[in-house]
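Keep the viewer open as you read.

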Amino acid sequence: MIVGIIPARYASTRLPGKPLIDLEGQTMIERVWRAAMAASTFDRVVIATDSEHIVAEAQRIRAEVVLTSPDEPSGTDRCYAAIRALKIAPDVIVNIQGDEPLLQPNVLTHCVEALRSQGADVATPVKLDLADPNVVKVALTATGRALYFSRSPIPHVRGVEVAQWLATGEYWKHIGLYAYTAESLKQHVMLPPSPLERMEHLEQLRLLEYGAHITCVEIEHDAVSVDTADDVERVRAILRADLA
């Protein structure tokens, strides 16, 4: 069984209630759910939330939803809590970020395919990009296996101006979506935060530091994570342009 879980927290620090923000006629959570439902890979798609407001929205759009504790420390923990609450045992669980309303369904399918075909513990998408200083970067092996994730541009090119780095090699932006095997999701939740994770504030470093095989899937379509009011307006502008 392959299950997609959309963790959706209502009380966002920077943008409270953001899953319910209207984006050109649909709430953000509805857009993410519809993208997941359009993927060809899932047996079930479930919204996992800490809020009755989001439960009501899920019911309005006829999405499967489960209420989880507001104390879950991360979206990954909320995914695991949802699996336990539903009392199911899927082979693959995909953590679908609830704040990426421009998500393309084929990205989900490609991640699941890569997880299975490469015998990895986790699969996650990446895109060629160095320009945005706010996004997480990842360094890869020649076969697409993650070496390291960082908020800093990696690798560092000694003696070359940053503006010229793209001309020297490939730089990868990490997109926060994860396909887990059942065992790797459980391991992530049960393990304590690792030293590198605490330093970078990046939870994907936890399994990597403990030796997990994280395979990265190249995508062409960019994803926009909504964290601020400016991000909301950016997404609205993209959606209006697509409809024009």
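**Around helix H4**

The buried residues of H4 pack against strand S1 (2-8), helix H1 (28-38), S6, strand S7 (122-128), strand S11 (178-181) and strand S12 (214-218); contact here means heavy atoms within 4.5 Å. This is a predicted model, in which local features need pLDDT of at least 70 and side-chain atom pairs count only at pLDDT 80 or more, while totals for chains, interfaces and linings use all residues. Residues are numbered from 1 along each chain as its sequence is written, and side-chain values use heavy atoms, with hydrogens and water left out.

Helices (H or I, at least four residues) and strands (E, at least two) are DSSP runs, numbered from the N terminus. The residues of H4 that are buried are Val107, Leu108, Thr109, Cys111, Val112, Ala114 and Leu115. Buried means under 20% relative accessible area, exposed over 50%, and partly exposed in between (1.4 Å probe, protein chains only).

How does the length of H4 check out? With 13 residues (105-117) at 1.5 Å a residue, H4 should span 18 Å, and its end C-alpha atoms are 19 Å apart, which agrees; the expected span is 1.5 Å times one less than the number of residues. After H4 comes glycine 119, with a positive phi near 60 degrees.

Now look at the tyrosines. The structure holds one aromatic pair. The ring centres of tyrosine 178 and tyrosine 180 are 5.9 Å apart and their planes are at 35 degrees, so the pair is tilted. Rings of Phe, Tyr and Trp (its six-membered ring) pair if their centres lie within 6.5 Å; planes under 30 degrees apart count as stacked, over 60 as edge-to-face and the rest as tilted. Both tyrosine 178 and tyrosine 180 are buried.
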